[in-house]
Amino acid sequence: FTVQPAHMLGYSDVPYMASIPYNPNQVPPPQNGNVIRIATVPNPTNMPNSVVVFPLNVGGYLFWQVDAPQQGTTATLDVLGDRLMNCCWRDGKLYATHTVMGGGTFGQRNLVSWFSIDTNGWQAGGSNPSATPGGGGLIDGGSGTHTFMPSITVNQAGEVGVVLARSSNTQFAGIYLTGREP
């Protein structure tokens, strides 16, 4: 797993980080997951300091990815795995993204997944983090289209922006932007 320090967009008493737990003993893939680990350093200016971790259930996701096809060639694109790719914090919310495997109605293709997490002042006198109702979901580029390699940010109005890569057998690889208003 990879720990991602959050881009702190505004003032917070504590810094935030996030990661997706990975079980190397669960083979072969795919791996199912349902947790994001939220971490912070409660007293970053005091020594010695320690990291505090909270496992937050965010619903199910599938870790395993396939290489993404692209138009005009049989060469495929490495989607860089399932690790958390990016996170940011603003106004009491932590936003995070990673790539998951679609299944069921999505078929066997990569999809960007994003989360919005209320940090609730955790470790600064507040309550435990919780998933934001209605915050997050899958970014589906359409039938047979893979979405992957996401990055996320949020502005002062609470508008979320996600930049991602997208490709398919009928589409050259490209970079796309999508968003959501509060």
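Here are my entries, starting with the ground rules.

**Ground rules.** I'm working with a predicted model, where local features need pLDDT of at least 70, side-chain atom pairs count only at pLDDT 80 or more, and totals for chains, interfaces and linings use all residues. Residues are numbered from 1 along each chain as its sequence is written, and side-chain values use heavy atoms, with hydrogens and water left out.

**Overall make-up.** I looked up the secondary structure and found zero helices and 14 strands. Those come from DSSP runs numbered from the N terminus (helices are H or I, at least four residues; strands are E, at least two).

Next I checked burial: 42% of the 182 residues count as buried. My cut-offs are under 20% relative accessible area for buried, over 50% for exposed, and partly exposed in between, with a 1.4 Å probe and protein chains only.

I also noted the accessible surface, about 9,200 Å², with 53% of that belonging to carbon and sulfur atoms. The areas come from the Shrake-Rupley method with a 1.4 Å probe, and for residues only the protein chains shown count as cover.

Then contacts, meaning heavy atoms within 4.5 Å. Among those with a separation of 6 or more, 50% are between residues 24 or more positions apart.

**Charged pairs.** How many salt bridges does the structure hold? I found two, taking a salt bridge as a side-chain nitrogen of Lys or Arg within 4 Å of a carboxyl oxygen of Asp or Glu. A reminder to myself: side chains of opposite charge can pair when their charged atoms come close.

**Asp118 and Lys93.** Asp118 forms a salt bridge with Lys93, and their closest N and O atoms are 2.5 Å apart. Asp118 sits in strand S10 and Lys93 in strand S9 (residues 93-101), so this pair ties together parts 25 residues apart in sequence. Is Asp118 buried or exposed? I have Asp118 as buried, because its relative accessibility is 15%. Lys93 counts as partly exposed, at 25%.

I looked around Asp118 too, leaving aside its neighbours within four places in sequence. Its contacts include Gly92, Pro129, Ser130 and Ala131.

**Asp140 and Arg109.** Asp140 forms a salt bridge with Arg109, with the closest N and O atoms 2.9 Å apart. This pair links distant parts of the chain, 31 residues apart: Asp140 is in the loop between strand S11 (130-139) and strand S12 (146-154), and Arg109 is in the loop between S9 and S10. I noted Arg109 as buried, at 6% relative accessible area, and Asp140 as partly exposed, at 40%.
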